[in-house]
Amino acid sequence: MRAQVEAEQRYGRIAELVTRPLALMEVCGTHTMAISKAGLRSRVPRPLRLLSGPGCPVCVTPREQIDQAIAMAREPGVVVASFGDMLRVPGATSSLERERAAGARVQIVYSPVDALALAQDIPDQLVVFIGVGFETTSPTVAATLVRAAEAAVDNFYVLPAFKLVPPAMAALLAGGGARIDGFICPGHVTAIIGSAAYRPLCDQHHIPCVVTGFEVLDILDGVTMLLEQIATGRAAVEVQYRRAVTDAGNTTARALLERVFRVCDSSWRGIGTIPGSGLELAPEFERFDARRRIPVEVAPAPGFDRGCACGEVMRGLLLPPDCPLFGQACVPAHPVGPCMVSSEGACAAYHRYGG
Amino acid sequence: MCVAVPGLIKTINGTVAVVDFRGVQRQAMLDLLPEAQVGDFVLVHAGFAIQRMNATEAAEVIALLEEVEAAADS
(Lines give C-alpha, C1' and ligand atoms only; values in the text may rest on other atoms or scores of the structure.)
Protein backbone atom coordinates (compact mmCIF):
# COMPACT_ATOMS: atom_id res chain seq x y z
CA MET A 1 0.00 0.00 0.00
CA ARG A 2 1.31 3.38 -0.97
CA ALA A 3 0.98 4.92 2.47
CA GLN A 4 3.03 2.14 4.04
CA VAL A 5 5.79 2.40 1.44
CA GLU A 6 5.96 6.15 1.98
CA ALA A 7 6.09 5.69 5.76
CA GLU A 8 8.93 3.17 5.48
CA GLN A 9 10.95 5.62 3.39
CA ARG A 10 10.56 8.25 6.04
CA TYR A 11 11.52 5.93 8.90
CA GLY A 12 14.67 5.16 6.93
CA ARG A 13 15.55 8.83 6.60
CA ILE A 14 14.87 9.45 10.28
CA ALA A 15 17.19 6.61 11.22
CA GLU A 16 19.95 8.26 9.18
CA LEU A 17 19.45 11.59 10.92
CA VAL A 18 19.47 10.44 14.54
CA THR A 19 23.11 10.37 15.56
CA ARG A 20 22.84 11.30 19.25
CA PRO A 21 20.20 11.51 22.00
CA LEU A 22 17.54 14.03 21.06
CA ALA A 23 14.14 15.01 22.41
CA LEU A 24 11.35 16.48 20.32
CA MET A 25 8.20 17.68 22.03
CA GLU A 26 4.70 18.04 20.69
CA VAL A 27 2.26 20.30 22.50
CA CYS A 28 -1.01 19.16 21.03
CA GLY A 29 -3.25 16.40 22.34
CA THR A 30 -4.19 15.37 18.81
CA HIS A 31 -0.50 14.86 18.05
CA THR A 32 -0.11 12.87 21.28
CA MET A 33 -2.85 10.49 20.18
CA ALA A 34 -1.74 10.28 16.55
CA ILE A 35 1.84 9.47 17.54
CA SER A 36 0.72 6.83 20.03
CA LYS A 37 -1.76 5.29 17.63
CA ALA A 38 0.89 5.02 14.91
CA GLY A 39 3.35 3.44 17.31
CA LEU A 40 5.87 6.03 16.22
CA ARG A 41 7.79 6.23 19.46
CA SER A 42 8.94 2.65 19.29
CA ARG A 43 9.67 2.80 15.56
CA VAL A 44 12.16 5.65 15.64
CA PRO A 45 15.74 5.04 16.83
CA ARG A 46 16.03 4.79 20.60
CA PRO A 47 18.13 7.95 21.06
CA LEU A 48 15.19 9.96 19.68
CA ARG A 49 12.58 10.63 22.33
CA LEU A 50 9.19 12.00 21.33
CA LEU A 51 7.85 13.81 24.37
CA SER A 52 4.31 14.95 25.05
CA GLY A 53 3.88 18.42 26.45
CA PRO A 54 0.85 20.13 27.98
CA GLY A 55 -1.16 19.90 24.79
CA CYS A 56 -4.40 18.72 26.25
CA PRO A 57 -6.49 21.73 27.31
CA VAL A 58 -8.73 19.58 29.46
CA CYS A 59 -5.67 18.24 31.29
CA VAL A 60 -4.31 21.70 32.11
CA THR A 61 -7.56 23.25 33.33
CA PRO A 62 -6.99 24.02 37.03
CA ARG A 63 -8.89 21.91 39.50
CA GLU A 64 -10.53 25.08 40.89
CA GLN A 65 -12.19 25.74 37.53
CA ILE A 66 -13.54 22.21 37.36
CA ASP A 67 -14.92 22.80 40.86
CA GLN A 68 -16.40 26.14 39.75
CA ALA A 69 -18.19 24.37 36.90
CA ILE A 70 -19.43 21.73 39.32
CA ALA A 71 -20.66 24.37 41.76
CA MET A 72 -22.51 26.14 38.95
CA ALA A 73 -24.08 22.86 37.83
CA ARG A 74 -25.42 22.42 41.35
CA GLU A 75 -27.20 25.78 41.24
CA PRO A 76 -30.92 25.57 40.49
CA GLY A 77 -31.89 27.07 37.17
CA VAL A 78 -28.47 26.51 35.64
CA VAL A 79 -27.60 24.20 32.76
CA VAL A 80 -23.89 23.60 32.20
CA ALA A 81 -22.91 22.98 28.57
CA SER A 82 -19.50 21.51 27.81
CA PHE A 83 -17.36 19.64 25.35
CA GLY A 84 -17.61 15.94 26.12
CA ASP A 85 -14.11 15.28 27.35
CA MET A 86 -14.51 17.65 30.31
CA LEU A 87 -17.18 15.54 31.91
CA ARG A 88 -15.04 12.91 33.58
CA VAL A 89 -12.20 15.17 34.71
CA PRO A 90 -11.88 14.90 38.48
CA GLY A 91 -12.31 18.01 40.59
CA ALA A 92 -11.58 17.92 44.31
CA THR A 93 -14.43 15.59 45.19
CA SER A 94 -16.61 15.18 42.12
CA SER A 95 -16.83 15.59 38.35
CA LEU A 96 -19.43 17.01 35.97
CA GLU A 97 -20.39 13.47 35.05
CA ARG A 98 -21.03 12.55 38.67
CA GLU A 99 -23.06 15.69 39.11
CA ARG A 100 -25.11 14.79 36.08
CA ALA A 101 -25.73 11.33 37.54
CA ALA A 102 -26.85 13.05 40.74
CA GLY A 103 -29.40 15.13 38.86
CA ALA A 104 -27.55 18.28 37.76
CA ARG A 105 -28.17 19.49 34.24
CA VAL A 106 -25.01 19.01 32.24
CA GLN A 107 -25.28 19.01 28.46
CA ILE A 108 -22.55 17.82 26.11
CA VAL A 109 -22.21 20.02 23.04
CA TYR A 110 -20.12 19.65 19.91
CA SER A 111 -20.04 23.39 19.23
CA PRO A 112 -20.42 26.53 21.37
CA VAL A 113 -23.22 27.61 19.01
CA ASP A 114 -25.17 24.57 20.22
CA ALA A 115 -24.89 25.95 23.76
CA LEU A 116 -26.14 29.34 22.55
CA ALA A 117 -29.05 27.70 20.72
CA LEU A 118 -29.88 25.82 23.91
CA ALA A 119 -29.94 29.11 25.84
CA GLN A 120 -32.28 30.58 23.26
CA ASP A 121 -34.56 27.53 23.62
CA ILE A 122 -34.80 27.81 27.43
CA PRO A 123 -34.87 31.56 28.14
CA ASP A 124 -35.81 31.11 31.80
CA GLN A 125 -32.70 29.05 32.56
CA LEU A 126 -29.06 30.13 32.67
CA VAL A 127 -26.77 28.26 30.30
CA VAL A 128 -23.09 28.23 31.19
CA PHE A 129 -20.66 27.08 28.52
CA ILE A 130 -17.34 25.79 29.88
CA GLY A 131 -14.82 27.58 27.70
CA VAL A 132 -11.85 25.21 27.55
CA GLY A 133 -9.47 25.07 24.62
CA PHE A 134 -6.49 26.51 22.84
CA GLU A 135 -6.41 28.92 19.94
CA THR A 136 -8.27 26.52 17.64
CA THR A 137 -11.28 26.70 19.93
CA SER A 138 -11.31 30.16 21.50
CA PRO A 139 -12.18 31.91 18.19
CA THR A 140 -15.27 29.71 17.87
CA VAL A 141 -16.40 30.90 21.29
CA ALA A 142 -15.54 34.51 20.39
CA ALA A 143 -17.76 34.22 17.30
CA THR A 144 -20.51 32.67 19.41
CA LEU A 145 -20.37 35.54 21.90
CA VAL A 146 -20.64 38.06 19.07
CA ARG A 147 -23.73 36.19 17.87
CA ALA A 148 -25.11 36.18 21.41
CA ALA A 149 -24.58 39.93 21.72
CA GLU A 150 -26.16 40.62 18.34
CA ALA A 151 -29.20 38.49 19.21
CA ALA A 152 -29.40 40.15 22.65
CA VAL A 153 -29.37 36.78 24.41
CA ASP A 154 -29.31 37.41 28.13
CA ASN A 155 -29.11 33.89 29.59
CA PHE A 156 -25.95 32.60 27.92
CA TYR A 157 -22.65 32.69 29.79
CA VAL A 158 -19.10 31.45 29.36
CA LEU A 159 -16.73 30.24 32.05
CA PRO A 160 -13.46 31.34 30.41
CA ALA A 161 -10.69 28.78 30.76
CA PHE A 162 -8.90 29.30 27.43
CA LYS A 163 -5.18 28.97 27.13
CA LEU A 164 -2.51 30.02 24.65
CA VAL A 165 0.15 27.65 23.33
CA PRO A 166 3.24 29.77 22.55
CA PRO A 167 3.62 31.14 26.13
CA ALA A 168 3.48 27.58 27.44
CA MET A 169 6.22 26.57 25.02
CA ALA A 170 8.33 29.45 26.32
CA ALA A 171 7.69 28.40 29.92
CA LEU A 172 8.79 24.84 29.16
CA LEU A 173 12.08 26.19 27.86
CA ALA A 174 12.57 28.61 30.72
CA GLY A 175 13.99 26.04 33.03
CA GLY A 176 13.29 23.17 35.30
CA GLY A 177 11.84 21.09 32.54
CA ALA A 178 12.91 18.36 30.21
CA ARG A 179 15.60 19.14 27.67
CA ILE A 180 13.89 19.90 24.36
CA ASP A 181 15.73 19.99 21.03
CA GLY A 182 12.79 20.88 18.82
CA PHE A 183 9.05 21.48 18.84
CA ILE A 184 6.44 19.72 16.76
CA CYS A 185 4.03 22.65 16.60
CA PRO A 186 0.26 22.13 16.55
CA GLY A 187 -1.29 22.18 13.09
CA HIS A 188 -4.72 23.59 13.80
CA VAL A 189 -3.75 26.08 16.50
CA THR A 190 -1.29 27.42 13.93
CA ALA A 191 -3.93 27.51 11.21
CA ILE A 192 -5.41 30.22 13.44
CA ILE A 193 -2.38 32.02 14.89
CA GLY A 194 -0.05 31.70 11.89
CA SER A 195 3.44 30.21 11.85
CA ALA A 196 5.01 33.63 12.45
CA ALA A 197 3.78 33.33 16.04
CA TYR A 198 6.66 30.99 16.85
CA ARG A 199 9.43 33.22 15.52
CA PRO A 200 10.23 35.08 18.75
CA LEU A 201 10.50 31.80 20.64
CA CYS A 202 12.57 30.21 17.90
CA ASP A 203 14.96 33.14 17.69
CA GLN A 204 15.31 33.67 21.43
CA HIS A 205 15.99 30.04 22.28
CA HIS A 206 17.49 28.88 18.98
CA ILE A 207 15.00 26.06 18.85
CA PRO A 208 13.67 24.45 15.66
CA CYS A 209 9.89 24.62 15.27
CA VAL A 210 7.98 22.71 12.60
CA VAL A 211 4.22 23.12 12.24
CA THR A 212 2.98 19.63 11.54
CA GLY A 213 -0.22 17.98 10.38
CA PHE A 214 -1.90 14.98 11.95
CA GLU A 215 -1.64 12.11 9.51
CA VAL A 216 1.22 9.66 10.07
CA LEU A 217 3.05 10.87 6.98
CA ASP A 218 2.66 14.46 8.13
CA ILE A 219 4.20 13.65 11.49
CA LEU A 220 7.05 11.68 9.95
CA ASP A 221 7.76 14.59 7.61
CA GLY A 222 7.61 17.06 10.48
CA VAL A 223 10.03 15.00 12.56
CA THR A 224 12.35 14.69 9.56
CA MET A 225 12.33 18.46 9.01
CA LEU A 226 13.21 19.01 12.68
CA LEU A 227 16.02 16.46 12.54
CA GLU A 228 17.41 18.05 9.39
CA GLN A 229 17.49 21.45 11.06
CA ILE A 230 19.21 19.97 14.10
CA ALA A 231 21.74 18.12 11.95
CA THR A 232 22.76 21.38 10.27
CA GLY A 233 22.69 23.49 13.43
CA ARG A 234 19.78 25.57 12.15
CA ALA A 235 16.82 26.86 14.12
CA ALA A 236 13.89 28.12 12.08
CA VAL A 237 10.12 28.05 11.97
CA GLU A 238 9.05 25.80 9.13
CA VAL A 239 5.67 24.58 7.99
CA GLN A 240 5.11 20.95 7.08
CA TYR A 241 1.32 21.34 7.16
CA ARG A 242 1.29 23.64 4.16
CA ARG A 243 -2.21 22.69 3.07
CA ALA A 244 -3.75 24.40 6.09
CA VAL A 245 -1.16 26.75 7.61
CA THR A 246 0.05 30.15 6.49
CA ASP A 247 2.44 32.65 8.02
CA ALA A 248 -0.34 35.01 9.10
CA GLY A 249 -2.95 32.41 10.02
CA ASN A 250 -6.63 33.25 10.06
CA THR A 251 -6.78 37.02 10.43
CA THR A 252 -10.56 37.08 10.88
CA ALA A 253 -10.27 34.67 13.81
CA ARG A 254 -7.41 36.62 15.34
CA ALA A 255 -9.34 39.89 15.08
CA LEU A 256 -12.30 38.26 16.80
CA LEU A 257 -10.07 37.01 19.60
CA GLU A 258 -8.74 40.54 20.12
CA ARG A 259 -12.23 41.96 20.20
CA VAL A 260 -13.83 39.48 22.57
CA PHE A 261 -10.94 38.51 24.86
CA ARG A 262 -7.99 39.98 26.73
CA VAL A 263 -4.75 38.10 27.38
CA CYS A 264 -4.19 37.35 31.07
CA ASP A 265 -1.93 35.28 33.29
CA SER A 266 -3.25 31.78 33.68
CA SER A 267 -2.73 28.80 35.92
CA TRP A 268 -1.95 25.48 34.21
CA ARG A 269 -2.79 22.41 36.24
CA GLY A 270 0.43 20.64 37.07
CA ILE A 271 2.66 23.50 35.92
CA GLY A 272 1.63 26.65 37.73
CA THR A 273 1.01 30.19 36.55
CA ILE A 274 2.32 31.07 33.11
CA PRO A 275 2.25 34.82 32.35
CA GLY A 276 0.16 35.95 29.40
CA SER A 277 -1.05 32.43 28.69
CA GLY A 278 -4.79 32.73 29.15
CA LEU A 279 -7.82 34.62 27.90
CA GLU A 280 -10.48 36.47 29.86
CA LEU A 281 -13.41 38.45 28.52
CA ALA A 282 -12.81 41.97 27.24
CA PRO A 283 -14.86 44.76 28.85
CA GLU A 284 -17.33 44.82 25.94
CA PHE A 285 -18.20 41.15 26.69
CA GLU A 286 -17.70 41.01 30.46
CA ARG A 287 -21.43 40.61 31.01
CA PHE A 288 -21.14 37.09 29.54
CA ASP A 289 -18.70 35.96 32.24
CA ALA A 290 -20.43 33.16 34.17
CA ARG A 291 -18.46 33.95 37.34
CA ARG A 292 -20.06 37.40 37.55
CA ARG A 293 -23.58 36.11 37.10
CA ILE A 294 -23.23 32.96 39.25
CA PRO A 295 -20.59 33.66 41.88
CA VAL A 296 -19.53 30.41 43.50
CA GLU A 297 -16.98 29.62 46.18
CA VAL A 298 -14.62 26.75 45.76
CA ALA A 299 -12.30 25.44 48.44
CA PRO A 300 -8.63 25.43 47.60
CA ALA A 301 -7.36 21.93 46.85
CA PRO A 302 -4.09 20.45 45.72
CA GLY A 303 -3.86 20.14 41.95
CA PHE A 304 -3.55 16.39 41.99
CA ASP A 305 -4.14 13.48 44.27
CA ARG A 306 -1.12 12.02 46.01
CA GLY A 307 0.96 9.93 43.68
CA CYS A 308 -0.52 11.42 40.51
CA ALA A 309 2.31 12.50 38.24
CA CYS A 310 0.31 14.32 35.54
CA GLY A 311 2.31 17.49 36.19
CA GLU A 312 5.63 15.82 35.44
CA VAL A 313 4.14 13.94 32.50
CA MET A 314 2.84 17.13 30.92
CA ARG A 315 6.24 18.76 31.19
CA GLY A 316 7.95 15.81 29.57
CA LEU A 317 9.83 14.91 32.75
CA LEU A 318 8.20 11.53 33.15
CA LEU A 319 6.65 9.11 30.72
CA PRO A 320 3.19 7.89 31.65
CA PRO A 321 4.30 4.34 32.47
CA ASP A 322 6.74 5.81 35.01
CA CYS A 323 3.87 7.16 37.10
CA PRO A 324 3.33 4.87 40.09
CA LEU A 325 -0.40 4.85 39.50
CA PHE A 326 -0.32 4.11 35.75
CA GLY A 327 -2.20 1.04 34.67
CA GLN A 328 -3.19 0.03 38.15
CA ALA A 329 -4.81 2.62 40.38
CA CYS A 330 -5.20 4.87 37.35
CA VAL A 331 -6.78 3.46 34.20
CA PRO A 332 -9.37 4.92 31.82
CA ALA A 333 -12.21 3.13 33.63
CA HIS A 334 -11.28 4.79 36.93
CA PRO A 335 -8.85 7.63 36.21
CA VAL A 336 -7.06 9.50 38.96
CA GLY A 337 -5.56 12.36 36.98
CA PRO A 338 -6.68 14.39 33.96
CA CYS A 339 -4.06 12.90 31.63
CA MET A 340 -5.82 9.56 31.84
CA VAL A 341 -9.32 11.00 31.57
CA SER A 342 -9.04 13.09 28.48
CA SER A 343 -9.26 11.57 25.04
CA GLU A 344 -6.11 13.56 24.28
CA GLY A 345 -4.17 13.00 27.49
CA ALA A 346 -0.73 11.42 27.31
CA CYS A 347 -1.58 8.72 29.84
CA ALA A 348 -4.76 7.77 28.01
CA ALA A 349 -2.77 7.56 24.77
CA TYR A 350 -0.09 5.35 26.28
CA HIS A 351 -2.65 3.13 27.96
CA ARG A 352 -4.70 2.68 24.85
CA TYR A 353 -1.91 2.25 22.30
CA GLY A 354 1.02 1.15 24.41
CA GLY A 355 3.16 4.28 24.08
CA MET B 1 -9.24 19.39 21.19
CA CYS B 2 -7.41 20.30 18.04
CA VAL B 3 -9.47 17.90 16.02
CA ALA B 4 -10.55 19.52 12.79
CA VAL B 5 -11.87 17.61 9.81
CA PRO B 6 -11.61 18.58 6.12
CA GLY B 7 -14.82 18.78 4.12
CA LEU B 8 -16.24 20.25 0.94
CA ILE B 9 -18.67 23.18 1.07
CA LYS B 10 -21.83 22.22 -0.80
CA THR B 11 -24.09 25.19 -0.04
CA ILE B 12 -23.91 28.49 1.79
CA ASN B 13 -26.86 30.30 3.33
CA GLY B 14 -25.75 33.56 4.89
CA THR B 15 -23.10 32.59 7.45
CA VAL B 16 -23.95 28.89 7.54
CA ALA B 17 -22.46 26.33 5.20
CA VAL B 18 -23.44 22.74 4.58
CA VAL B 19 -20.20 20.78 4.42
CA ASP B 20 -19.79 17.29 3.00
CA PHE B 21 -17.41 15.01 4.90
CA ARG B 22 -17.03 12.00 2.65
CA GLY B 23 -20.77 11.49 2.36
CA VAL B 24 -21.85 12.87 5.73
CA GLN B 25 -23.25 16.39 5.65
CA ARG B 26 -23.06 18.79 8.59
CA GLN B 27 -23.49 22.47 9.12
CA ALA B 28 -20.51 24.72 9.74
CA MET B 29 -20.53 28.39 10.70
CA LEU B 30 -18.54 30.75 8.48
CA ASP B 31 -17.97 33.55 11.01
CA LEU B 32 -14.25 32.77 11.01
CA LEU B 33 -14.00 32.30 7.25
CA PRO B 34 -16.36 34.81 5.61
CA GLU B 35 -14.52 34.51 2.30
CA ALA B 36 -15.31 30.79 1.94
CA GLN B 37 -17.14 29.76 -1.21
CA VAL B 38 -19.15 26.79 -2.42
CA GLY B 39 -16.66 24.24 -3.71
CA ASP B 40 -13.94 25.15 -1.19
CA PHE B 41 -12.34 22.49 0.98
CA VAL B 42 -12.37 23.71 4.56
CA LEU B 43 -11.21 22.48 7.96
CA VAL B 44 -14.09 22.38 10.43
CA HIS B 45 -13.56 22.53 14.19
CA ALA B 46 -16.34 22.70 16.82
CA GLY B 47 -18.90 23.61 14.20
CA PHE B 48 -16.89 26.38 12.56
CA ALA B 49 -14.85 26.45 9.36
CA ILE B 50 -11.40 27.62 10.47
CA GLN B 51 -9.25 27.53 7.35
CA ARG B 52 -9.43 26.80 3.67
CA MET B 53 -7.37 23.93 2.40
CA ASN B 54 -5.61 23.65 -0.88
CA ALA B 55 -7.99 21.55 -2.99
CA THR B 56 -5.43 19.22 -4.56
CA GLU B 57 -3.74 18.45 -1.27
CA ALA B 58 -7.04 18.05 0.56
CA ALA B 59 -8.25 15.59 -2.06
CA GLU B 60 -4.98 13.69 -1.76
CA VAL B 61 -5.29 13.39 2.00
CA ILE B 62 -8.88 12.24 1.74
CA ALA B 63 -7.83 9.60 -0.80
CA LEU B 64 -5.05 8.46 1.53
CA LEU B 65 -7.47 8.25 4.45
CA GLU B 66 -9.85 6.16 2.36
CA GLU B 67 -7.01 3.86 1.38
CA VAL B 68 -6.03 3.38 5.02
CA GLU B 69 -9.63 2.74 6.01
CA ALA B 70 -10.17 0.23 3.23
CA ALA B 71 -7.05 -1.63 4.32
CA ALA B 72 -8.20 -1.62 7.93
CA ASP B 73 -11.58 -3.01 6.97
CA SER B 74 -10.18 -5.81 4.81
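Reader: How much area do chain A and chain B bury between them?

Author: This is a predicted model, in which local features need pLDDT of at least 70, side-chain atom pairs count only at pLDDT 80 or more, and totals for chains, interfaces and linings use all residues. Residues are numbered from 1 along each chain as written, chains are lettered from A and ligands numbered from 1 in the order written, and side-chain values use heavy atoms without hydrogens or water. Of the buried area (accessible area, 1.4 Å probe, lost on putting two parts together and summed over both), 62% is on carbon and sulfur atoms. In total, chain A and chain B bury about 2800 Å².

Reader: Which residues of chain A lose the most area to chain B?

Author: The contact (heavy atoms within 4.5 Å) takes 30 residues from chain B and 35 residues from chain A. On the side of chain A, three residues together make up 24% of what that side buries. The residues that lose the most area are Y110(A), R147(A) and R243(A).

Reader: Which residue of chain B meets R147(A) in a salt bridge?

Author: Across the interface of chain A and chain B there is one salt bridge (a Lys or Arg side-chain nitrogen within 4 Å of an Asp or Glu carboxyl oxygen), as the rule finds. In the pair that includes R147(A), the side chains meet at 2.8 Å, N to O. The partner of R147(A) is D31(B).

Reader: Which helix gives the largest share of the side of chain A that touches chain B?

Author: Helices here are DSSP runs (H or I, at least four residues), numbered from the N terminus. In chain A, α1 (2–17), α7 (112–121), α8 (138–150), α10 (187–193) and α13 (251–260) each supply at least two residues of the side touching chain B. The largest share is five residues, and these come from α8(A).

Reader: How many nonpolar residues does the side of chain A that touches chain B have?

Author: By class, this side of chain A includes six charged and 10 polar residues. Its nonpolar residues number 19.

Reader: How many residues apart in sequence are the parts that R13(A) and E228(A) tie together?

Author: Over all chains, the structure holds 15 salt bridges. In one of them, the side chains of R13(A) and E228(A) meet at 3.0 Å, N to O. R13(A) lies in helix α1 of chain A and E228(A) in helix α12 of chain A, so the pair ties together parts whose separation in sequence is 215 residues.

Key. Nonpolar A, V, L, I, M, F, W, Y, C, P; charged D, E, K, R; others polar.
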